[in-house]
Amino acid sequence: MSAHRGRRWGAALLGATVLASLLGGGSAQAVAGAQPVPDGSYRFNVKVTFGAELACSGALVDQDWVVTAKSCFATGTTPVVAGPPSQPSSVLVGRTDLTGTTGQQRSVTSLKPHPDRDLVLVRLSEPVTDVAPVTLASTAPTTEETLTATGYGRTATEWVPDRLHQGAFAVDAVAATTVALSGASSGATLCRGDAGAPVFRESAGVATLVAVVTSSWQRGCLGEVETRDGATGTRVDDLAAWVAEETADVQIFGVQADGRLTYSVIDSATGDLRANRTSTVALGFAPKAMATLNENTILITDTGGIMYRVDVTGFDPLTYTTTNIATGYSPYNRMTYDGYGSLYYIHGTTNQLYRRTVTSAKPTGADINRPTFISTGFSQKTITSPGAGRILGTISDGRLLSYRIYGNGDSAWTVGELAKTGWAAPTHLLSPGGGVYYARNAAGRLDRYRDANPLDGIGTDIAAFPNDPVSVSGWDQVLLSARPWAGVVSVFGAKPDGRLSYTAIDPVTGAKRVTTVSAQTLGFSPKAMATLNSDTLLVTNNSNLYRVDITSTDPLTFTRSAERLGGGWSHDRLVYDGFGSLFGQAGSVLRRYTVTKAKPANATTDITNNTVVIESGLGVPTLAATGKGRLLATTNAGVLAAYTIDPEGGWSREDPASSGWGGVTSLFSPGGGHYYRRDASGVVTGWLDTSPYNGSGTDLTAYVPAGTSSTGWDALLSAKPYDSWPDSTRRW
């Protein structure tokens, strides 16, 4: 077996096929000397592209995840680490014939490398729902069996074949983590581009994944002169628990009474507990409050008021380091983070709520700044954040309350009563977002709940699972905190030729997560556009209003209502506030409409209450909605103006900035004090308003990175409001 590992496909590429320089930009596939795979067979196969020139093979193991060789994402000698790939990467799932159009293409958002094997899980930008994933085998390979391998690599006769190929391979030897293979069908071998290719057994027409290809002697491959035979695969038949843990979507950290850290993983759909671990080393201080920022970063305060950043360095076993980053937190005993840059904490004696802005994934004290006093009266026993600017809390009298934080002051927050009784028992309340809630009681039971619309402020649509909790006992931590499903700023754009664009921005770091442009067009040149929710746009063409339904953001596809929703929509700009109010600006006039459906079908019945709010004087070049009844505009004189429109139609204006906002061609905001402005050169700059509703610009600053998000943006842009639902963009 060592002979099979003797020659790799290249230290940097480990089986990746060079596309552009050698192959003229074509794609690469296939198992040499093997048979072409019939159309529609083995659709779980994946072509993986890393950067502009490198390709591998892989297999879909979950609608959100692909497994392939870790070395497919290696750059030189730099190790592959968890997080986004070092170069833009994508996958093509379920396309047997690469000249066809079947299957799905997705961007790669993050990697989960196996700690000890040449294996990595690849997170997709959107789930693939029309291809059945392959199941992992549950028994080890044996030397008595023959397995099938399928791949998109080079063949014996073609540099760039346009079909998936398959071959039969005998099992020569089995080790603890690898399997040695050799061709069992005529000419079967594995070539460049086959790294990560699935190796599977079939029974009654069902394939189960045994291994993925990691190296080969490449005998018989086009351009190779090697006479030695054989290949090596990394076993996956014993990794079902690891894959289940890594692909589950809820992470919960905790602290036990003795100071040891705990880590649990739950599948939100089923409530299954996929992992449950405790560190052997204690924190070394008396913990008081905690909030989880991301996958491996936690904030924990001690009773003396010191805030520590806890960096998780390993999950199995659970290991970590601690760093003292701030002081002055001794009065605060409840803390939570919303995943969008807002850290909330409550004074243990006065019940005062405060907010700070987190501007780094690994913050120091300087990165947790802009302290803002929100209000008093926050006497919750336990709190969590279910989304941007939102707090969920339980009260001793049994109520479950949902808070929306807009800014600071008594008028800058609202509360909805989700339940009047039944919530007195929980000692901890947890939510990663997306309407998924967990409640732990004093007996150590962890129950789960699902809120169909967590943003509506009512609890009649909360489903409980009393007969199917996560656990009936065992949750004995003194502190618990869920990792937030970190959201994105979702921005839709429109080009003059009618094509749409979609960009997802990290609200904390400013990094682009996804950027796509549609191949199809609206069929007209758009004039104004408003985003209602994650999959619904309103777009005008002169005076006609159309609804556009987003069917996928990667690649960006959509359908447009064949008939206009209505006429008379000659607005220069449309914006939606996320709370049912659509604002339209025509010249210097501002109108407000009420949107009564998530997908309006008729403007007369579903977009009602046409009201003139401002009769004249609103001749502004840009307009954005920043929250309920809140608008932001720039003027030709460079003024940044904030408008407040009350339910009765009255309005007021304050100017956060009297200069410096000239030359802005587009302005958009998801809410939460996040503003983005585009200039005439197509550069978008991000700004942060710590207290967006106080009318002051003293706390308004350009932020990440150095305020600039990127260049090349469309002239017509619209952000999905944080407060709109449904929201399909909550992902990690």
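This is a predicted model: local features need pLDDT of at least 70, side-chain atom pairs count only at pLDDT 80 or more; totals for chains, interfaces and linings use all residues.

Reader: Okay, how many helices and strands does the protein have?

Author: There are four helices and 56 strands.

Reader: And how compact is the protein for its length?

Author: Its radius of gyration is 27 Å, close to the 27 Å that the globule rule gives for 732 residues, so the protein is as compact as a globular protein of that length. The C-alpha trace spans about 80 × 65 × 45 Å along the principal axes.

Reader: What share of the residues is buried?

Author: Buried residues account for 61% of the 732. The protein exposes about 26,200 Å², with carbon and sulfur atoms supplying 49% of that area.

Reader: Switching to sheets. What's the strand order in the open sheet of four strands?

Author: The order is S31-S32-S33-S34, and the pairing is antiparallel. Strands S31 (426–433) and S34 (462–464) stand at the edges with a single partner strand each, so one side of each has no neighbour in the sheet. On average, neighbouring strands here are turned by 25° against each other, ignoring direction.

Reader: How many bridges join S33 to S34?

Author: Three bridges join them, with S33 covering residues 446–451. Tyr 449, for instance, has Ala 464 in S34 as its bridge partner.

Reader: Now charges. How many salt bridges are there?

Author: The count comes to 30. One of them pairs the side chains of Lys 112 and Glu 246 at 3.3 Å, N to O. That pair links distant parts of the chain: Lys 112 lies in strand S7 (residues 104–113) and Glu 246 in helix H3 (residues 240–247), 134 residues apart.

Reader: Are Lys 112 and Glu 246 buried or exposed?

Author: Both are buried. Asp 237 and Arg 235 also meet in a salt bridge, at 2.8 Å, N to O, and both of those residues are buried too.

Reader: Which residues do salt bridges with shared partners join into one network?

Author: Asp 397, Arg 399, Glu 417 and Lys 420 are joined that way.

Technical notes
Residues are numbered from 1 along each chain as its sequence is written. Side-chain values use heavy atoms; hydrogens and water are left out. Two strands pair if DSSP finds at least two bridges between them. Helices (H or I, at least four residues) and strands (E, at least two) are DSSP runs, numbered from the N terminus. Axes are lines fitted to C-alpha atoms, for helices over the stretch in contact, and angles run from 0 to 180 degrees between N-to-C directions. A salt bridge is a side-chain nitrogen of Lys or Arg within 4 Å of a carboxyl oxygen of Asp or Glu. Buried means under 20% relative accessible area, exposed over 50%, partly exposed in between (1.4 Å probe, protein chains only). The radius of gyration is taken over C-alpha atoms; the globule rule is 2.2 Å times the number of residues to the power 0.38. Accessible areas come from the Shrake-Rupley method with a 1.4 Å probe; for residues, only the protein chains shown count as cover.
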